Amino acid sequence: MVENQIKELIPYLKKRGLRITPQRILILKTIISLKNHPSAEDIHRELPYISLATIYNNIKLFVKLGILNELPYGNGISKFELFKSNHYHVICESCGKIVDFNYPNLKEVEQVASKLTNYHIHNHKLQIYGLCSECKD
Ligand SMILES: [Zn+2]
Ligand SMILES: [Zn+2]
């Protein structure tokens, strides 16, 4: 499954002029297989032979190219996920864990905002804060 996702990403990366190196593939594979919105440190723990600075630089590049979402929420450490549109995040205020959820009805907020302000709306973000099931006990 990770292999398939990588295979789909490679043509996109090439089109954006990114050089495909084994290191970059490895970083992307790690992010996909870690699933739970890893931080740069989490990725470094899996790939200790790649320096944290290199991991960080590549992640920033992936964010700029729109391949990764950066989630600067919770405990002040940015976390990352493969780009996915139209979903929201619930964040644990104690441990910083982030979980995805969907709520398609919220699209209406954009129409309301547009109507009330006459802005041309591009997108919206929503973060919900609370305590995860482990931290609330
Ligand atoms: Zn928690
Ligand atoms: Zn997400």
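How far apart do the C-alpha centres of domain 1 and domain 2 lie? They lie 24 Å apart. The model is predicted: local features need pLDDT of at least 70, side-chain atom pairs count only at pLDDT 80 or more, and totals for chains, interfaces and linings use all residues. Residues are numbered from 1 along each chain as its sequence is written, while chains are lettered from A and ligands numbered from 1 in the order in which they are written.

Domain 1 covers 2-82 and domain 2 covers 88-130, with bounds from an automatic or database domain assignment. Seven residues of domain 1 are in contact with six of domain 2, contact meaning C-beta atoms, placed from the backbone, within 7 Å.

I turn now to helix α4, residues 52-64. Helices here are DSSP runs (H or I, at least four residues) and strands likewise (E, at least two), numbered from the N terminus. Buried in α4 are I55, N58, I59 and F62; a residue is buried if 20 or more other C-beta atoms lie within 10 Å of its own, exposed if 12 or fewer, and partly exposed in between, with C-beta atoms placed from the backbone. These four cover an arc of only 100 degrees around the axis, which puts them on the same side of α4; the arc is that of the directions from the helix axis to the C-beta atoms. On the other side, A53, N57 and K64 are exposed.

The cover over the buried residues of α4 includes α2 (22-34), α3 (40-46), β1 (68-71) and β2 (79-82). After α4 comes G66, with a positive phi near 80 degrees.

Terms used
Contact = placed C-beta atoms within 7 Å. Expected span 1.5 Å × (residues − 1).
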